[in-house]
Amino acid sequence: MDSTYASSSYPDLSSPAMPTAGGVSRPVKIIPLQHPSVGAGSSSSSSNSPAAFFSGLATKWKRLTFLQFIDGLFPCYRWIRTYRWRDDFQVDLIAGLTIGIMLVPQAMSYAKLAGLEPIYGLYTGFVPIFVYAIFGSSRQLAIGPVALVSLLVSNVLRGIAGSSDELYIELAIVLALMVGILECIMGFLRLGWLLRFISHSVISGFTTASAFVIGLSQAKYFLGYNITQSSKIVPLIQSIIAGADQFAWPPFVMGSGILAVLLIMKHLGKSRKQFRFLRAAGPLTGVILGTTLAKIFHHPSISLIGEIPQGLPSFSVPKNFGYAKSLIPTAFLITGVAILESVGIAKALAAKNGYELDSSQELVGLGLANIFGSFFSSYPSTGSFSRSAVSNESGAKTGLSGIITGIVMGCALLFLTPLFEFIPQCALAAIVVSAVIGLVEYEEAIFLWRIDKKDFLLWIITCTTTLFLGIEIGVLIGVGVSLAFVIHESANPHIAVLGRLPGTTVYRNVQQYPEAYTYHGIVVVRIDAPIYFANTSYIKDRLRDYEVNVDNSIRRGPEVERIYFVILEMSPVTYIDSSAVQALKDLHQEYRSRDIQIAITNPNREVLLTLSKAGVVELIGKEWYFVRVHDAVQVCLQQVQSLHQTSSPAAESKPNRFERLLKQRGEDLSVAELESGQRKASASRNGDPNLEPLLSHKFTP
């Protein structure tokens, strides 16, 4: 089209056309910046009031149909009412049996890691699975005991009671109840966003360090002698070295052989599609192989699990809440792991299988699973990455696969526990080690080193502090450093000097686009962040620097010796607070004392409303607010030319240069000539000089 649209609130820009270089006029439509009235903000603010929030919530509840209400209360109803028995039951059955076979030996292994008897791992893989199948929204997530949570349980309870004490078991059950309550609270209040401030680098570094600690904690079953139980790597290594004279080769050979078999099966299951079943069959194969070898070549140094109670768990209310205060940090940590890992896995699987997943409902489902599980002797459970991946690969379609897994666990508790008596401890240790090897994310560290050195540093700090100072301290330091990085980025936002791309009216960062050019006496600055109390000082300092340190980009227009106009591009500024408003007022007064004018372009409605309420719009002047950067540059460019022409001693004696310039708009030069660097007045007065310069019909971008 031949029409070019300018958008300026600058007065007297109403001429319908201006001449091009060839003498042909082009129509220009002026779109003024709309200034919202101060009273217009009342409706917006009232809509954010607590009364409006609860009113909207009540309206939403009233609009719910009965089926929608049931869907929200029982997410399982979504797949029950559309279940296709002929198409879905077979794959759900296979997936449920596969996960059940995989979970039985893993549950016993992780219970030992948590410092509990193997039976409590089986309990944790029983009731919570049924509860989650009803209240959870993911159809592929496999919940139950996991290695990382088991390590956290062992770490906190070991300092309170011995693993053989009844108190130890009771506190593990109380911890499950506390975790469930926290997860439900965060789900109902939709507070999961709080953990978004924890960087993925922190989680990766933490899990990597935890994998080393878990692996070393299982060394006693391979070496044949006891080692110190600790969440720090130094005491573990010292204990291993100190007891080297007690080394027994039979458990080491058996455990290492089973571990090698498990790793080979896992590798084949991942790399070859025809061998995918080997990944799920690995733990069961390790148990069968270990039991067989223990029966044939039983040696006194090879310790066995021993007798496991037979039957389903009985109902009992958790007790011994006197230690609850000391369990709170670990409860929060386990809840954080559930949100960051389990919900993340569930959302990824939901997207892959084409259905919606509510993160808050997912937290509620996990919370209820832990709460009900605590009434049946379970310790904290959450989603397992490895089992969930196997569930998805096995073709699980609905939560029925989880129910089948629960049935498998129930059958194991009722009929198979006598067979578990002869399982060697080193076989369970091999299952744990093979599972946590996948938690060592060295590839993530390499990726971070290539992409972002700051995130790599965060990964190293979290991993190192977790290894040498313990789990809680390592996580706290990692989260603290992560928040420090967030605060630093927020307090030191990116600010760019903009220049005009040749042949366009587009303004971009001159560092990213070296061909972009700027104008003498004018600096265009884009602030790429909200402006609030923490970053106002930094922004003011940077703006002062731009006044003194002129960039090295190509410059055009009338040649002047200093900056007369600072144009603030505020389209990326989503929010401005009272401290920033006051800083803007101070900056305006400071600039006015040095004959520098601020111009503001494209502020959003909320920012402009805040500036209007604070009187900044009137202070700066409505005529200095523009829709586009180019509109502001046109006006400022003409004023620079006028300043350049009227810089005689007589003109300098006038008290207010800007008031004088406002009366001279009709005598300004053609902007097209000013942009080209010409310094003489145009002979033509046919067009309005303030209008947007006309571009040729054909140009090279």
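Colleague: Which residues do ring pairs link into a cluster?

Modeller: This is a predicted model, in which local features need pLDDT of at least 70, side-chain atom pairs count only at pLDDT 80 or more, and totals for chains, interfaces and linings use all residues. Residues are numbered from 1 along each chain as its sequence is written, and side-chain values use heavy atoms, with hydrogens and water left out. Rings of Phe, Tyr and Trp (its six-membered ring) pair if their centres lie within 6.5 Å; planes under 30 degrees apart are stacked, over 60 edge-to-face, and the rest tilted. The cluster linked by such pairs consists of Trp79, Tyr83, Trp85 and Phe89.

Colleague: What kind of pair do Trp449 and Phe456 form?

Modeller: The structure holds 13 aromatic pairs. In the pair of Trp449 and Phe456, the ring centres are 5.1 Å apart and the planes stand at 75°, so the pair is edge-to-face.

Colleague: Which residue has its charged end over the ring of Trp449?

Modeller: A charge sits over a ring if NZ of Lys or CZ of Arg is within 6 Å of the ring centre and within 35 degrees of the ring normal. For the ring of Trp449, the charged end lies 4.6 Å from the centre, and the residue is Lys453.

Colleague: Where does helix α5 bend?

Modeller: Helices (H or I, at least four residues) and strands (E, at least two) are DSSP runs, numbered from the N terminus. Helix α5 covers residues 85-113. A bend is the angle between axes fitted to the seven residues ending at a residue and the seven starting there. In α5 that angle is about 30°, Pro105 follows within four residues, and the bend is at Leu103.

Colleague: Is Ser377 buried or exposed?

Modeller: Ser377 lies in the loop between α16 (359-374) and β5 (382-384), and has a positive phi of about 65° although it is not a glycine. Buried means under 20% relative accessible area, exposed over 50%, and partly exposed in between (1.4 Å probe, protein chains only). With a relative accessibility of 13%, Ser377 is buried.

Colleague: Which element of the protein chain has the lowest mean pLDDT?

Modeller: pLDDT is the predictor's confidence in each residue, from 0 to 100. The protein chain averages 82, and 81% of its residues score at least 70. Among its elements, helix α6 (residues 118-124) has the highest mean, 95, while the lowest, 35, belongs to strand β1 (residues 4-6).

Definitions and conventions
Expected span 1.5 Å × (residues − 1).
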